[in-house]
2 protein chains.
Amino acid sequence: MKSREIHLNAYLKGAPDPKYYDVVETDVPAPGAGEVLVRNLYISVDPYMRGRMSGVHTYIAPFGIGQVMDGGAVGEVIESNFDGLKPGDHVSSMHGWREAYTAPGAGLTKIDTSILPPQAFLGIAGMPGLTAYVGLKRMIDLQPGETLWMSAGAGAVGSSGIQFAKAMGATVIATAGGAEKCAFVKSLGADHVVDYKATDDLTAAITAVAPDGVDGYFENVGGTHFTAALNTLRRKGRIAACGMIQRYNDTSAATLPDNLTMMIGKSLTIRGFIVSDHADMFTDFVSDLGNWMAAGKIKPAETVMDGIENAPAAFSGLFTGQNTGKMLVKI
Amino acid sequence: MKSREIHLNAYLKGAPDPKYYDVVETDVPAPGAGEVLVRNLYISVDPYMRGRMSGVHTYIAPFGIGQVMDGGAVGEVIESNFDGLKPGDHVSSMHGWREAYTAPGAGLTKIDTSILPPQAFLGIAGMPGLTAYVGLKRMIDLQPGETLWMSAGAGAVGSSGIQFAKAMGATVIATAGGAEKCAFVKSLGADHVVDYKATDDLTAAITAVAPDGVDGYFENVGGTHFTAALNTLRRKGRIAACGMIQRYNDTSAATLPDNLTMMIGKSLTIRGFIVSDHADMFTDFVSDLGNWMAAGKIKPAETVMDGIENAPAAFSGLFTGQNTGKMLVKI
């Protein structure tokens, strides 16, 4: 069986561009003992991957040059020599950026697609959804009646988090860029929507919809958003920070206004986090998500591009605002 | 009885200057029922007072123009109509910036000066000491064997915190400005001392003494110190922020390098706090401080200026590095 896969050919400087990636056709070996052959249905492109394309070791190793990249994917089992999986089963894995693969069955996660479609396990029921859940539940400790500001509300984490925060009984302010995305986050249930591209004073725009300030801020953007968050949080406010997409492609040193003294006068708590450190919350997440879905409070949202050859374009699109909801590549 | 006191005559713009203050002589009334007459022995000048001199309501109301200011003070009871206090007793109060006062005895705190001199209750055994304790214990949750970076190590909070962190079993890096202050923080027990005025790359200077990074950073300074802290903290590092003295006199908007993404990759926790929110820790503080003193691990450190008329100069001196340890005015 043949599979096309995406190789990184050089570490990125600045914005992602198709020139950094090669589409390479390979032979997928037949599965050996304990192995399965899987055809991917959807692969995930996520902002955190930008760090791995820089060649710098942060909390996760960089991608190898001239090698296929790893990433989230959901697929269908074609052949199995592993007791726990049979042809037709759906699995999620980190074997993304390729059309098919052979791997030990023990390293794959069987997913139940009777309620949600497979691709939801890359979005609201997967890593971005768990990220939103951990941020709201553990980092912000959001309480019913509180006001939450969700940044990048139209993104994979943001679109999940808006719905979770509403289900948790909060008032939700969502920021997004442009009229189309603002309409989208409104459709997800956000109480107030602010188009950050339509204002040059984000602090004033948030204050206009939350005159008494916000209790929690979910940071996906960084830069001017962070500054406005310090300005608009009320006493004992909390920030959960899992991403700062505005900064990932910077090639020169950026600066920001220094309003950090706000964190003292207001006794703010700011927590950066990486979702993989919080796998212990997965059981609670699945339970709450199931209940919220049963109550009709959740709708998955995704933007889909077709064909493995378009995976680099889909990834680039994360940084130019091409997606509403989770960005996926359909194989 | 006459008392001289310090009135604020205008809200400050920029650095403190004696022109903003008047020395006014008043008559202290004889104590009525339940009241005591107290002669202050020492008054406290503290960086947080700068905020109250700006005319802006933050977490605490601004000082009134043309009125005597409030602030920490320790004094001796001269006359008493209050059952709990007798002449010769020592009390701490918020009736600072004046030589003497009459007030209800119920609002004063009797202090035990058999072990520590009265002025220590304005420093290591008072608000600055409790601030250091809360920051280390509750905000940073410092563990034995960890590495702590204490900024403004020669200040009232810093000089207390260095000694507390050593008593808690940590390795302590202290930053201070100039050779004299560096020698002082070394004498308090700091394992490593960095003169921030002698380097233009604080990140490199901290890394040189802590190649594996620091676990906790105690923020008293802000600006370039905060940036270097994000750079040098290791994974799951914690920042306690109770002051940013570098910023208090800014009259125009300051900027700082945007390295905030560090807080995500390293999963940092940053907690701003105001000591008055943590009065519940006072009992533990007194107990630990007593044990550490009995073990010979603590020495109070102060800089004393003489005469109420020099209180404005003492306050200005906080921002120009005139103090090692707690800055006090002896009456």
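Me: How many aromatic pairs does a search of the whole structure find over all chains?
Reply: It finds 19. Rings of Phe, Tyr and Trp (its six-membered ring) pair if their centres lie within 6.5 Å; planes under 30 degrees apart count as stacked, over 60 as edge-to-face and the rest as tilted. Bear in mind that this is a predicted model, where local features need pLDDT of at least 70, side-chain atom pairs count only at pLDDT 80 or more, and totals for chains, interfaces and linings use all residues. Residues are numbered from 1 along each chain as its sequence is written, chains are lettered from A in the order in which they are written, and side-chain values use heavy atoms, with hydrogens and water left out.

Me: Take A:Trp97 and A:Phe315. What kind of pair is that?
Reply: Edge-to-face, because the planes are at 65°, with the ring centres 6.3 Å apart.

Me: Where do the two sit?
Reply: A:Trp97 is in the loop between strands S5 (90-93) and S6 (100-104) of chain A, and A:Phe315 is in helix H9 (residues 311-317) of chain A. The pair therefore ties together parts 218 residues apart in sequence. Helices (H or I, at least four residues) and strands (E, at least two) are DSSP runs, numbered from the N terminus.

Me: Buried or exposed?
Reply: Both A:Trp97 and A:Phe315 are buried. Buried means under 20% relative accessible area, exposed over 50%, partly exposed in between (1.4 Å probe, protein chains only).

Me: And B:Phe164 with B:Trp292, which geometry?
Reply: Tilted: the centres are 5.3 Å apart and the planes at 35°. B:Phe164 lies in helix H3 (residues 156-167) of chain B and B:Trp292 in helix H8 (residues 282-294) of chain B, so the pair links parts 128 residues apart in sequence. B:Phe164 and B:Trp292 are buried.

Me: Which residues form an aromatic cluster in chain A?
Reply: A:Tyr133, A:Phe164, A:Phe282, A:Phe285 and A:Trp292 form one.

Me: Switching to strand S3 of chain B. Why is it largely enclosed?
Reply: Because eight of its ten residues (35-44) are buried.

Me: Which strands does S3(B) pair with in the antiparallel sense?
Reply: Strand S6 (residues 100-104) of chain B, over five bridges. Two strands pair if DSSP finds at least two bridges between them.

Me: Which residue stands opposite B:Ile43 in S16(B)?
Reply: B:Val329. In S4(B), B:Gly75 stands opposite B:Asn40, and in S6(B) the bridge partner of B:Arg39 is B:Ala100.

Me: Now the interface. What area is buried between chain B and chain A?
Reply: About 2600 Å², of which carbon and sulfur atoms give 64%. Buried area is the accessible area (1.4 Å probe) that two parts lose on being put together, summed over both. In chain B, B:Leu256, B:Asp258 and B:Ile264 lose the most area to chain A, together 24% of what that side buries.

Me: How many salt bridges between chain B and chain A?
Reply: Six (a side-chain nitrogen of Lys or Arg within 4 Å of a carboxyl oxygen of Asp or Glu). One joins A:Arg247 to B:Asp258, the closest N and O atoms being 2.9 Å apart.

Me: Last one: what is B:Pro312 in contact with?
Reply: Leaving aside neighbours within four places in sequence, B:Ile6, B:Pro18, B:Tyr21 and B:Trp97. Contact means heavy atoms within 4.5 Å. B:Pro312 is in helix H9 (residues 311-317) of chain B and is buried, at 7% relative accessible area.
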